[in-house]
Amino acid sequence: MPSEGRCWETLQALRSSDKGRLCYHRDWLLRGEDVLEECMSLPKLSSYSGWVVDHVLPHMQENQPVSEISPSSTSASALDQPSFVPKSPDTSSAFSPAFPATPNGTKDKDESQHTESMVLQSSRGIKVEGCIRMYELVHRMKGTEGLRQWQEEQERKVRALSEMASEQLKRFDERKELKQHKEFQDLREVMEKSSREALGHQEKLKAEHRHRAKILNLKLREAEQQRMKQAEQERLRKEEGQVRLRALYALQEEMLQLSQQLDASEQHRSLLKVDLAAFRTRGNQLCSLISGIIRSSSESGYPTAESQAEAERALQEMRDLLRNLGQEIARACEDKKRQDEEEAQVKLQEAQMQQGPEAHKEPLASSQGPGGKQIEDLQVKVQDSTMKWYQQLQDASMQCVLTFEGLTNSKDSQAKKIKMDLQKAATIPVSQISTIAGSKLKEIFDKIHSLLSGKPVQSGGRSVSVTLNPQGLDFVQYKLAEKFVKQGEEEVASHHEAAFPIAVVASGIWELHPRVGDLILAHLHKKCPYSVPFYPTFKEGMALEDYQRMLGYQVTDSKVEQQDNFLKRMSGMIRLYAAIIQLRWPYGNLQEIHPHGLNHGWRWLAQILNMEPLSDVTATLLFDFLEVCGNALMKQYQVQFWKMLILLKEDYFPRIEAITSSGQMGSFIRLKQFLEKCLQHKDIPVPKGFLTSSFWRS
């Protein structure tokens, strides 16, 4: 059949053409596929087209008459018929490649062939397309199912791989964590081992340190005990030495008083049948002996018990010597009295025998004074022992200046700075002494004492100590003593009440640092020689200005200061000296003897009265001294002091009055009125500004 062959060839040609390879999808709009993508893809027939052509079409052509269907009409109808979509699986089963056998056999076969030919003849193209669509649907369903299964399989694999990876990661983390734990444990064990070793070593070092510290503490304690023992022994030795030295001074003072009494016995020379030269010579020898003992003790440190015993034996011998002299004088006086009585009786008898009025006249003694008492000639020069004491103090002051000469003359800026700081630290506290309160005075005293003891003190915002320079202590002691005397010369001269707070600090420093006291006396004697007492004499060849300076005057450019200013300065220094000898530092050891007490005031007053007075000077100094120190001397010496005041009034006032001009009577009248008032009331008032107990509580 030629039409059958042409149909097959046509299908083959369409299959092989580009159009046959196109993919037709009628529901592409519903599927949402990209039109451009389908257009650009190669056209192709369904994969089931070949199977339909091979198996379905041959059977359909065999059962269709040629006359009914031509190839052209068949192809046209197949191409032009609308698409047919089977609505049930039964319809698609008619187009299956294999048909099941039926029990009817040929009859059923003929019927089916007839029916099929009828369908193909009517809508053969539609059926082909339906078969194609059916197989595409089947294939799509299979592909979807396979894809779904594949996706599920892949998801299972992914889950399995994920679970396996997660487990592996967990195992990795566990191994890593285990490794870290092991490393940390090892490191911890190493550190603990090192720590134990370090602690063990440290404990060992601590034990060794404690052992060494214990040994050192024992050695230090032994050394400290030894040092304290030596210091205590040295302190006791110094205290004993100071006690012995003060005892020697007291012995020397009594010796000097006895010597004065021995000299005063010279007035009875005419009554005695024996020569007084032997007594005076032995007395001078005994005074020199005690002076030598004190001088040798000062050079060696402190006197020994043997020296004190020797001085006591010398004093006892002096007492015996004076007692023997007194007995001789008493016997001579009795003899003289008896002789006078006998002569008087003889003269009376002769007078009775004579009747002339001249026999009743009594001769007037030319040597009697206004009170009927004989006035003995007084000395002008100071006693030798006092002059030696004065010279020793001046030599000690000069030696101190030579000691720190290197510091004062140094050109080094550091040394100059140290010198300036030390001078300020020594002088500024003394300038701050006032009568405000005792607590403030104690602070000043403690600061000065700390400076002299080598402790650092604050001055001008800096720490200052005498240990900064080997010569610092000597420099501070000298400047401090100089400042104390200068305060008396300036401050006390203007404000008399200031003498007491300055004096109590100076006395306390003097007691703790005796060298400062010696330097205070040296400065005081140099600026006010009447405090010795010492009246400098004019020597041949001496310049007048130098002599005036020796007398205590200030000479500037050949101009001598006014007499009023001179007396004012002398008065201030004597008042300071009179306050020092009666005051003690209340916080010190009051059981010890005053380093320069009232006995020196008694000595000064006695020596002043044994010397010829000076115009205007003697009266002024006596008034200042008695006004400041008279009450203390009265309480100390009582009757003996009143006897001295009576002697001053009856025997010494006429001498002062005799040399005082009419323009200089002010000081003499002031002294005379003060003394008459004291003798009238039999009391000397407490000086104004004297430090009472309330002052120290303030």
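Student: What does the side chain of Thr660 reach?

Tutor: Start with the rule. A polar contact is a pair of N or O atoms within 3.5 Å; within protein, one must be able to donate a hydrogen and the other to accept it, and residues adjacent in sequence count only if both atoms are side-chain atoms. Here the Thr660 side chain reaches the backbone oxygen of Ile656 at 2.5 Å. This is a predicted model: local features need pLDDT of at least 70, side-chain atom pairs count only at pLDDT 80 or more, and totals for chains, interfaces and linings use all residues. Residues are numbered from 1 along each chain as its sequence is written, and side-chain values use heavy atoms, with hydrogens and water left out.

Student: Where is the place of Thr660?

Tutor: Helices (H or I, at least four residues) and strands (E, at least two) are DSSP runs, numbered from the N terminus. Thr660 sits in the loop between α21 (639–659) and α22 (665–681).

Student: Is Thr660 buried or exposed?

Tutor: Buried means under 20% relative accessible area, exposed over 50%, partly exposed in between (1.4 Å probe, protein chains only). Thr660 has a relative accessible area of 11%, so it is buried.

Student: Which residues is Thr660 in contact with, leaving aside its neighbours within four places in sequence?

Tutor: Contact means heavy atoms within 4.5 Å. Thr660 has Ser615 and Met665 as such partners.

Student: How many salt bridges does the count come to?

Tutor: The rule asks for a side-chain nitrogen of Lys or Arg within 4 Å of a carboxyl oxygen of Asp or Glu. By this rule there are 25 salt bridges. One of them joins Glu153 and Arg156 at 2.1 Å, N to O. Both residues lie in helix α7 (residues 106–264), three residues apart, about one turn of the helix. Glu153 is partly exposed at 32%; Arg156 is partly exposed at 40%.

Student: Which residue forms a salt bridge with Asp474?

Tutor: Arg515 does, with the closest N and O atoms 2.4 Å apart. Asp474 lies in helix α14 (residues 472–494) and Arg515 in helix α16 (residues 514–527), so the pair ties together parts that are 41 residues apart in sequence. Asp474 is buried at 12%, while Arg515 is partly exposed at 34%.

Student: What do the side chains of Glu627 and Arg575 meet in?

Tutor: A salt bridge, at 2.3 Å from N to O. Glu627 belongs to helix α20 (residues 617–637) and Arg575 to helix α18 (residues 563–580), so the pair ties together parts 52 residues apart in sequence. Glu627 is partly exposed at 28%; Arg575 is buried at 5%.

Student: Which residues are linked in a network of salt bridges?

Tutor: Glu489, Lys527, Glu561 and Arg569 form such a network.
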